[in-house]
Amino acid sequence: MQRRAFLALALPAALAACGADHKWASDEALRQARYVTNEPPSITLFTVIGIPRGEGGHSALMINGSQRVIYDPAGSWEHPAIPERGDVLYGITPNFKNFYIDYHARETYWVAEDTVPVSLAVADAAIRAVEAQGASNKSFCAVNTGQALRKLPGFAGAPTGLSPLKLRDWFLTLPGVQSRKHMDGDPANNHNVLVRQKSGVIEGYGQDGQLHPIR
């Protein structure tokens, strides 16, 4: 299996030990990064879960609305091509989505991807809700994710405690939820993304087995 290399972005020692950065990208940066997917509107909960004990390490949301963003409260993932404002990451193309998942999936953690379909109006309300949350304090990823979800129709019962696992357990009760499991080393779920952060370029393996710049 091709291994990912992070040349200038160190992995956190523990995913739960994540802190607030208070980043504020410009309006122009957000406009330029805007990415619209042709997938139906949806809200996805990412939960990073420890191996082998099953503890919850992190919660985040990916929202497909009038644009696709990731709400990564108190998260540690970043890239020079992805503007961030108040823990919201903009410009989430398919490759950057894969990069985000691969960054968190490793020998000691796997990533649950749980998605529920929503109307475009609810998806856009979710984007506004996470934008209003602002930067999160350390270890408050599940708290603030739950708080943002509770502002939406159909999500009022979201828990707002510190446990990513309890938030996921509740999310799995929502109608129409579809789940995927991403594990490091599993060819079926590993996107084989090689990251060269030193120059801000992402390279991925194409069908020819060679590395090519991707976005």
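This is a predicted model: local features need pLDDT of at least 70, side-chain atom pairs count only at pLDDT 80 or more; totals for chains, interfaces and linings use all residues.
**Figure 1. Charged side chains over aromatic rings.** Arg-106 lies over the face of Tyr-103, at 5.7 Å from the ring centre.

**Figure 2. The protein chain as a whole.** The chain has five helices and 10 strands. It contains 215 residues, and 50% of them count as buried. The accessible surface comes to about 9900 Å², with 52% of that area belonging to carbon and sulfur atoms. When contacts between residues at least 6 apart in sequence are considered, 65% of them join residues at least 24 apart.

**Figure 3. The aromatic pair Trp-77 and Phe-99.** Seven aromatic pairs are found in a search of the whole structure. In one of them, the ring centres of Trp-77 and Phe-99 are 5.0 Å apart and the ring planes stand at 80°, so the pair is edge-to-face; the angle for that class is over 60 degrees. The pair links distant parts of the chain, with Trp-77 in the loop between strand 3 (68-71) and strand 4 (84-85) and Phe-99 in helix 2 (residues 94-104), 22 residues apart. Trp-77 is buried, at a relative accessible area of 2%. Phe-99 also counts as buried, at 1% relative accessibility. Both residues belong to one aromatic cluster, which is formed by Phe-46, Trp-77, Phe-96, Phe-99 and Tyr-100.

**Figure 4. The aromatic pair Phe-155 and Phe-171.** The rings of Phe-155 and Phe-171 have centres 6.5 Å apart and planes at 40°, so this pair is tilted. Distant parts of the chain are again linked: Phe-155 is in the loop between helix 4 (141-149) and helix 5, Phe-171 is in helix 5, and the two are 16 residues apart. Phe-155 and Phe-171 are both buried.

**Figure 5. The two faces of helix 5.** Pro-164, Leu-167, Arg-168, Trp-170 and Phe-171 are the buried residues shown in helix 5. Around the axis they cover an arc of only 160°, which puts them on the same side of helix 5. In general, an α-helix has 3.6 residues a turn, so residues three or four places apart point the same way. The buried residues of helix 5 pack against strand 1 (42-50), strand 2, strand 6 (109-117), helix 4 and strand 7 (178-183). On the face turned away from the buried side, helix 5 carries the exposed residues Lys-166 and Asp-169.

**Figure 6. Lys-166 in helix 5.** Lys-166 is found in helix 5, which spans residues 164-171. Its relative accessibility is 61%, so Lys-166 counts as exposed, the cut-off being over 50%. The C-alpha atoms of Lys-166 and Ala-142 are 8.8 Å apart in space, although the two residues are 24 apart in sequence.

Figure 7. His-58 lies in strand 2 (residues 56-64). With a relative accessible area of 3%, His-58 is buried. The side chain of His-58 makes a polar contact with the side chain of Asp-72, at 2.7 Å. Ser-59 lies in strand 2 as well and is buried, with a relative accessible area of 0%. Neighbours within four places in sequence aside, Ser-59 is in contact with Phe-46, Pro-73, Cys-141, Ala-142, Thr-145, Pro-164 and Leu-167. Among these contacts, Pro-164 and Leu-167 are buried residues of helix 5, and Phe-46 is part of the aromatic cluster that includes Trp-77 and Phe-99.

**Figure 8. Backbone features in three loops.** A cis peptide bond joins Ile-51 and Pro-52, with omega at about 5°. Pro-52 is placed in the loop between strand 1 and strand 2. Ala-74, in the loop between strand 3 and strand 4, has phi near 60°, a positive value in a residue other than glycine. Ala-74 is buried, its relative accessible area being 0%. Ser-139 is found in the loop between helix 3 (120-133) and helix 4. Phi of Ser-139 is also positive, near 70°, in a residue other than glycine. At 32% relative accessibility, Ser-139 counts as partly exposed.

Conventions. Residues are numbered from 1 along each chain as its sequence is written. Side-chain values use heavy atoms; hydrogens and water are left out. Helices (H or I, at least four residues) and strands (E, at least two) are DSSP runs, numbered from the N terminus. Buried means under 20% relative accessible area, exposed over 50%, partly exposed in between (1.4 Å probe, protein chains only). Contact means heavy atoms within 4.5 Å. Accessible areas come from the Shrake-Rupley method with a 1.4 Å probe; for residues, only the protein chains shown count as cover. A polar contact is a pair of N or O atoms within 3.5 Å; within protein, one must be able to donate a hydrogen and the other to accept it, and residues adjacent in sequence count only if both atoms are side-chain atoms. Rings of Phe, Tyr and Trp (its six-membered ring) pair if their centres lie within 6.5 Å; planes under 30 degrees apart count as stacked, over 60 as edge-to-face and the rest as tilted. A charge sits over a ring if NZ of Lys or CZ of Arg is within 6 Å of the ring centre and within 35 degrees of the ring normal. The arc is that of the directions from the helix axis to the C-beta atoms.
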